[in-house]
Every structure is written in C-alpha cells, then in structure tokens.
Amino acid sequence: GIIDIHNKYKTIKEEIKRCKFDLKQSNKMVLEGTNKNMQRVLRRLDYCTNDMVLTKGKVACTISAADELVLTELIFNGAFNNLEAPAIAALLSCLVYTEHRSESKAPRQQDLMSKLALVKETASRIATIKQECKIEINAEEYVESFKPDMMEICMAWCKGAKFAEIIKMSQIYEGTIIRMLRRLEELLKELID
C-alpha cells in the first residue's frame, strides 16, 4: 500500500536526481569541448598561445558590437589603412547591419566592392578554420551575414547627406537605418577605446 507508493516515489526521485546530474555532466562536457575547439581557433588565428593572450586577442576582447574575429582580422591585415572616414564607416556597416533581407544590394563604387570582398574573404577563412577545429558553422550563411546594404547609405551620411536623402537611397526602413547607425557609433566608440 502506502509504503510501496512511498518507496516508488523515493526511487523515482533518485532517478530524477541522477538524470539531472547526468544532464549537467553532459552539458559540461559539451561546453568544455566547445571551449577547447574555440581555443584551437584562437591559437590558429594567433590570438593566444596555450597560456597567454596575444595582442590580437586583446583587441578582439574589446569588441562586442560586431563580429570580433572578422573585425580583428581586418584591422591586423590593414583593411582600414589609407581609407577616408566615410569609407571606414561604410566598411564597418557590413559588420553591424544584421537584418535578413532576401537580396543584398552590392555597392556601386569599386573601392567599396573590393573592401566588401575582403570582408567576405576574411569571414570565409575564419569559417573554414572553425570547421577544421570542429566548431559547427554554416560557412555560406556566415559569410553572407555580412551585408553590403548599408555601405552607400553610411558613406553618404558621413559625407553630410540629409536623412531625407538617405532614406530615398534604399528600400530599408528608417528605423532600421537609425538602429544600424547607432550600432555603428557603438562599434566606433569601442575601437577608439
């Protein structure tokens, strides 16, 4: 009767406790595996050694408003050298604009197109390294997540165009443009510090 029910209750309660422990252990193992894989990525990109964070790693640690690996690689590979402020802002807009649109509009200016190609090439290289280090990533989606839609808008804004003119340059909503410009400002502040 009641004693059997109580014993069954205790058995089930112990089984639940064991299952929770096993789940916690497996989550810990997955997290440890992911951390080890990411450490491999960081070592391959020269962000750290086994026991020390290097200069590239310190720079990446300061970035939170954009993809820190892609941006750090762009900085250390000289992507921003010899660029005017509007072109720098346009290039950074690819890193902060995250809206999912069915089609991306490539910039018309040749220098912006070459910088966009550099961003995508860098992202592709990072995705390949992540895959080689056993981090699950859809390389194509990752590379395509860096959208050029705001490059010309950013360039025009930095050159003094009025907001009304900028809105006419694209089918992107005004609020989205403002959000992107705020994210860009946040990223620029991080880079200044």
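**Entry 1. Secondary structure**

I counted nine helices and zero strands in the chain, taking helices (H or I, at least four residues) and strands (E, at least two) as DSSP runs numbered from the N terminus. Read from the N terminus, the order of elements is α-α-α-α-α-α-α-α-α. I note that the model is predicted, that local features need pLDDT of at least 70 and side-chain atom pairs pLDDT 80 or more, and that totals for chains, interfaces and linings use all residues. Residues are numbered from 1 along each chain as its sequence is written, and side-chain values use heavy atoms, with hydrogens and water left out.

**Entry 2. Whole-chain values**

I looked up burial for the chain: 36% of its 193 residues count as buried. Buried means under 20% relative accessible area, exposed over 50%, and partly exposed in between, with a 1.4 Å probe and protein chains only. The accessible surface comes to about 12700 Å², and carbon and sulfur atoms hold 54% of it; the areas come from the Shrake-Rupley method with a 1.4 Å probe, and for residues only the protein chains shown count as cover. I then turned to contacts (heavy atoms within 4.5 Å). Of those with a separation of 6 or more, 68% join residues 24 or more positions apart.

**Entry 3. The nonpolar core**

I examined the largest nonpolar core, which has 48 residues. Such a core is a set of buried Ala, Val, Leu, Ile, Met, Phe, Trp, Tyr and Cys residues joined through side-chain atoms within 4.5 Å. Val 70, Leu 95, Met 180 and Leu 187 have the most contacts inside this core. Two or more residues each come from helices H3 (68–76), H4 (85–96), H5 (110–132), H6 (139–144), H7 (151–158) and H9 (174–192). H4 gives the most, with eight residues.

I followed Met 180 further. Leaving aside neighbours within four places in sequence, Met 180 is in contact with Ser 93, Val 96, Tyr 97, Met 150 and Cys 154.

**Entry 4. Helix H7**

Is H7 largely enclosed or open? I find six of the eight residues of H7 buried, so this helix is largely enclosed by the rest of the structure. The buried residues are Met 151, Glu 152, Ile 153, Cys 154, Met 155 and Ala 156. They pack against H4, H5, H9 and helix H8 (163–168). Just after H7, I noted a positive phi of about 100° at Gly 160.

**Entry 5. Helix H3**

In H3 I list Leu 69, Val 70, Leu 71, Thr 72, Glu 73 and Leu 74 as buried. At the start of H3, a side-chain oxygen of Asp 67 comes to within 3.1 Å of the backbone nitrogen of Leu 69. Gly 78, which follows H3, has a positive phi near 80°.

**Entry 6. Salt bridges**

How many salt bridges does the structure hold? I recorded five, each defined as a side-chain nitrogen of Lys or Arg within 4 Å of a carboxyl oxygen of Asp or Glu.

Glu 73 pairs with Lys 56, with the closest N and O atoms 2.9 Å apart. Glu 73 lies in H3 and Lys 56 in helix H2 (residues 55–61), so the pair ties together parts 17 residues apart in sequence. Both Glu 73 and Lys 56 are buried.

Glu 144 pairs with Lys 120, the closest N and O atoms being 3.4 Å apart. This pair links distant parts of the chain, with Glu 144 in H6 and Lys 120 in H5, 24 residues apart. Glu 144 is partly exposed at 40% relative accessible area, whereas Lys 120 is buried at 17%.

Glu 185 pairs with Lys 189, the closest N and O atoms being 3.6 Å apart. The two are four residues apart in H9 and are therefore separated by about one helical turn. Glu 185 is partly exposed at 43% relative accessibility, and Lys 189 is partly exposed at 48% relative accessible area.

**Entry 7. A nonpolar surface patch**

I located a nonpolar surface patch of about 280 Å², made by Ile 75, Phe 76, Leu 188 and Leu 191. Patches are made of residues with over 30% relative accessible area and no salt bridge; nonpolar side chains (Val, Leu, Ile, Met, Phe, Trp, Tyr) are joined within 5 Å, like charges within 9 Å. H3 and H9 each supply at least two residues of the patch. Leu 188 lies in H9, and I record Leu 188 as partly exposed at 32% relative accessibility.

Methods: A polar contact is a pair of N or O atoms within 3.5 Å; within protein, one must be able to donate a hydrogen and the other to accept it, and residues adjacent in sequence count only if both atoms are side-chain atoms.
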